[in-house]
Amino acid sequence: MQITLGKSAQIQHRKVKMTEATRREFLKSAAAIAMTSAIPGAKLKGAAEDSTNSSTLMWYQQPATRWMETLPIGNGRLGAVVYGGIETERLQLNHDTLWSGPPIKPWNNPEARQYLPQIRHLLLDEHDYAAANQLTKKMQGPFNESYQPLGNLNLVFPDSKHVTDYRRELNLDTGVVRISYQSEGARFVREIFCSAPAQAMVVRLSCDRPGAIHCSLSIDSLLRTIFVGPDGNDLLLQGKAPSHVDPNYMIHSLNPVIYDDAAGKGMYFEIRVRPVVEGGKVSISDSKIEIANANAVTLLLSAATGYKEFGSAPDRTPEEISAVCRGQLSVSARKSYSQLRQEHVLDHQNLFRRVSLSLETNASSDKPTDQRLRDNNEKDEPQFAALYYQLARYLLIASSRPGTQPANLQGIWSQEIRPPWSANWTLNINAEMNYWLAESANLGELHEPLFDLVDHLSVTGKPTAQIYYGADGWTAHHNADLWAEAAPVGEQWGDPVWANWPMGGAWLCQHLWEHYAFSLDKGFLRERAYPIMKGSAEFMLSWLIEDKQGRLVTAPAVSPETHFFDAHGKRLAVSVASTMDMAVIWDLFTNCIEAATVLHVDPEFRATLDQARSRLFPYQIGKEGQLQEWSDDFVTADPGIGHVSQLFPVYPGRQITPRSSKELAQAAAVSLESRIQHGSGVAAWPCAWYACLWARLEKGDKAYWHVAKMFEQSATPNLWNGSGNAELFQIDGNFGMAAGIAEMLLQSHEGVIHFLPALPVQWSSGSFKGFRARGAVEVDLSWSHAKAVSAVLCADVNGEKRLRAPRGQSIQAIHCKGRKVQFQPREDGTISVSLQKRARYDLTFSL
């Protein structure tokens with residue numbers, strides 16, 4: 001390989017002294033590589049096995065022409081989307097910590113608390129909801145910051161003419177995007193992936209004709225660029241993020257994007273590319289790399305930002321950032337492409353291959369994915385749902401790894417400086433929905449980034465609780481960002497229907513409990529989950545007040561995103577004791593009581609929570625037979641809104657079930673049907689929530705209707721959730737629908753492992769392996785002609801488990817190591833059986 005530097009680009013390789021923080025980050029990335037190489041059973045020689053089938057392969061016969069057709073890759077920290085162009089290839093890049101900010105002013109409004117007594121008087125004594133609604137706006141602070149696009153890696157292939165046999169694919173099983181085509185008698189191949197072990201993106205260009213690869217590459221960014229050019233053998237771009245970005249819905253903002261030259265006011269960032277060329281010639285000019293007559297090329301790309309850690313200013317210098325990027329590439333460059341690929345695939349498959357799902361195939365199953373999508377909308381292809389489910393697992397693996405930021409509203413992929421809703425963590429449904437599948441999909445450790453965010457909010461949310469409400473504990477509202485803003489946003493003009501909702505922290509605490517419920521990890525519960533849950537419960541005890549009947553209520557209260565009409569026909573948001581408030585508090589108190597019981601701690605606090613729980617304002621059934629959304633039977637002003645906040649106790653809560661509370665479950669079904677009749681739930685992420693709800697109500701065909709509607713109305717060519725708009729990506733719909741598919745096949749929220757609780761007629765035969773159930777049990781199941789045939793259980797801990805067979809069936813026998821295992825039938829139709837950890841239990845069912 002010959003490298004030539006252009007005259008104006010001949011600069012010295014910069015010597016940068018690493019700070020201790022930089023050194024730690026570099027060593028961490030190097031250690032990740034070493035750890036992956038040491039996976040038991042991993043072999044560095046030979047490629048990891050690639051498995052491709054109709055539930056793990058997405059492929060197309062043409063390049064992407066727009067962002068919503070691209071194929072995503074990621075390692076939790078670094079993300080990219082691949083267009084797969086022939087003459088030009090664009091890889092649009094993101095980094096999980098590249099945000100605007102930190103906030104330019106404090107987010108807690110010191111004047112907010114003075115309005116609370118008057119608001120409560122207006123609500124509880126005067127029933128003047130309009131005045132309370134207006135005054136509640138006084139209890140708002142500034143908007144939070146925005147997730148930012150990193151840049152683009154652009155490749156130009158001048159000799160790509162007369163192309164035939166084009167194919168673009170994403171193998172979910174390997175996490176590798178592959179583009180291949182025939183040109184002038186030669187086969188050209190690109191392979192692209194983001195490696196977690198290497199903390200780098202890898203692009204491989206190859207051809208079956210020696211010396212046939214000719215290309216140029218450049219880097220650009222929408223953000224302010226400080227320097228683009230060579231650094232030794234590398235091409236790099238250094239830039240600076242804005243110090244503040246207004247949300248995209250502030251359409252009249254005069255100065256929506258603000259830059260500040262001061263260190264730490266808008267973070268610096270870097271993109272660095274290093275070509276490793278086999279044969280041929282390389283030349284580096286001011287702004288691009290030219291490669292000619294190469295046999296093969298491996299491009300290594302790393303990126304870093306000025307973000308340090310929670311609570312610190314993002315003031316890492318460009319030199320420090322450069323040292324991190326250079327260090328990552330230096331480690332990767334010492335390995336061959338085959339080693340890099342295999343380490344990536346082994347790491348990816350360690351997560352991805354824990355679960356398989358197979359449904360029935362048909363003639364469409366082997367077609368290109370965009371054609372399968374069109375065919376499925378005309379005639380159901382069951383296996384297409386399995387592909388959609390596995391894509392969601394892939395997206396979580398790619399966007400949420402231990403040590404990274406949690407998946408945001410767009411996962412890790414965003415192309416705009418002012419992305420939809422700032423691409424933040426929206427806590428009144430969207431951020432939680434992102435992680436509904438994590439535990440059941442056997443990806444529990446990918447939940448950890450969300451727990452980190454909850455940790456941070458529990459710190460920032462303490463002064464918010466005190467300043468806004470004079471309350472103990474901690475709280476968070478409906479939006480959060482990289483800086484863990486916990487206060488209500490809105491700048492005193494925002495609608496309280498989304499701004500003034502202090503229940504976000506409590507809902508997030510459900511995820512801490514769910515991780516324990518699925519893992520039974522007492523260390524996690526004791527050291528991490530319970531202290532945060534307790535702090536949230538302490539806030540709720542302070543937040544609740546008595547109404548005139550002595551019941552505990554919240555005031556002011558909203559049902560997120562949904563307005564009502566008062567007696568005067570005014571469209572309002574603020575009232576008393578919304579159903580969701582009561583449900584979230586019940587869920588939090590119940591989980592805290594159970595956690596404290598497991599840990600044998602805080603008996604007095606348990607008793608306090610139990611007493612308060614018994615006094616919560618009870619759920620009401622309205623005049624239409626529906627589960628009321630508010631304590632009064634108001635008429636909803638938004639009958640077609642996607643949110644069904646009053647149904648939280650059905651899903652993701654566990655308070656209302658068809659068996660434990662039949663009348664309320666029926667009322668919940670009436671509420672859900674009403675939303676659907678008014679046009680909601682037929683597109684985007686509401687489809688996912690509605691599928692989950694119908695699954696919990698054990699209505700499989702109704703749940704499937706929403707699965708089908710998601711594909712028909714919202715799935716883009718790359719199967720992203722288009723949110724009812726071809727260019728508006730929200731990843732929560734992908735994650736939420738995968739959770740719904742799992743709920744249709746296996747449930748465990750009532751303390752019972754329930755097989756096929758909501759099986760639709762379209763999925764009459766199939767199988768899954770590796771699903772997780774609460775109680776730390778891994779489950780395999782196969783069924784045929786809508787009847788369970790066999791199952792396998794493997795528990796992580798010793799203990800008694802309760803099992804429920806599908807409707808109309810019974811569990812016939814259980815065997816372990818060839819010996820029959822005794823089980824005890826129960827009056828409720830379940831059985832009890834004692835499981836030993838790590839033992840395999842084989843179940844057969846009556847047919």
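**Close-up views of a predicted model**

By the distance rule for cysteine sulfur atoms, the count of disulfides in this protein comes to zero. C509, for its part, is in no disulfide, and the nearest cysteine sulfur, which belongs to C592, is 6.9 Å away.

**View 1. The whole protein, with its overall dimensions and its share of buried residues.** Taken along the principal axes, the C-alpha atoms of the protein fill a box of roughly 85 × 70 × 50 Å. The radius of gyration is 27 Å, which agrees with the value near 29 Å that a compact globule of 847 residues would have. The secondary structure comes to 18 helices and 38 strands. Of the 847 residues, 63% are buried, while the protein exposes about 30200 Å², of which carbon and sulfur atoms supply 49%. When contacts between residues at least 6 apart in sequence are considered, 72% of them join residues at least 24 apart.

**View 2. Two cysteines, C509 and C687, and the distances to their closest cysteine sulfurs.** A disulfide requires two cysteine sulfur atoms within 2.5 Å, and the 6.9 Å between the sulfurs of C509 and C592 goes with C509 being in no disulfide. C509 has a relative accessibility of 1% and therefore counts as buried. For C687, the closest cysteine sulfur is that of C692, and because the two sulfurs are 11 Å apart, they are too far from each other for a bond. C687 is likewise buried, its relative accessible area being 0%.

**View 3. Strand β8 and its two antiparallel partners, β7 and β9.** Strand β8 covers residues 176-183, and six of its eight residues are buried, so the strand is largely enclosed by the rest of the structure. On one side of the pairing scheme is strand β7 (residues 163-171), which pairs with β8 in the antiparallel sense over seven bridges; within this pairing, L170 stands opposite V177 of β8. Seven bridges also join β8 to strand β9 (residues 186-195), and these two strands run antiparallel. Here S183 has A186 in β9 as its bridge partner.

**View 4. The turns of the two hairpins that involve β8.** The hairpin formed by β7 and β8 has four residues between its strands, and G175, which lies in the turn, has a positive phi of about 70 degrees. In the hairpin of β8 and β9 there are two residues between the strands, and E184 takes a positive phi near 50 degrees.

**View 5. The salt bridge between E278 and R204.** Side chains of opposite charge can pair when their charged atoms come close. For the protein as a whole, the count of salt bridges comes to 42. In one of them, the side chains of E278 and R204 meet with an N to O distance of 2.8 Å. E278 lies in strand β16 (residues 268-278) and R204 in strand β10 (residues 200-207), so the pair ties together parts of the protein that are 74 residues apart in sequence. E278 is partly exposed, with a relative accessible area of 37%, whereas R204 is buried, with a value of 14%.

**View 6. The salt bridge between D638 and R571.** The closest N and O atoms of D638 and R571 are 2.4 Å apart in this salt bridge. The pair links distant parts of the chain, since D638 is in the loop between β27 (635-636) and α15 (662-677) and R571 is in strand β26 (residues 571-572), 67 residues apart. D638 is buried at a relative accessible area of 11%, while R571, at 46% relative accessibility, counts as partly exposed.

Conventions:
Residues are numbered from 1 along each chain as its sequence is written. This is a predicted model: local features need pLDDT of at least 70, side-chain atom pairs count only at pLDDT 80 or more; totals for chains, interfaces and linings use all residues. Side-chain values use heavy atoms; hydrogens and water are left out. Buried means under 20% relative accessible area, exposed over 50%, partly exposed in between (1.4 Å probe, protein chains only). Two strands pair if DSSP finds at least two bridges between them. The radius of gyration is taken over C-alpha atoms; the globule rule is 2.2 Å times the number of residues to the power 0.38. Contact means heavy atoms within 4.5 Å. Accessible areas come from the Shrake-Rupley method with a 1.4 Å probe; for residues, only the protein chains shown count as cover. A salt bridge is a side-chain nitrogen of Lys or Arg within 4 Å of a carboxyl oxygen of Asp or Glu.
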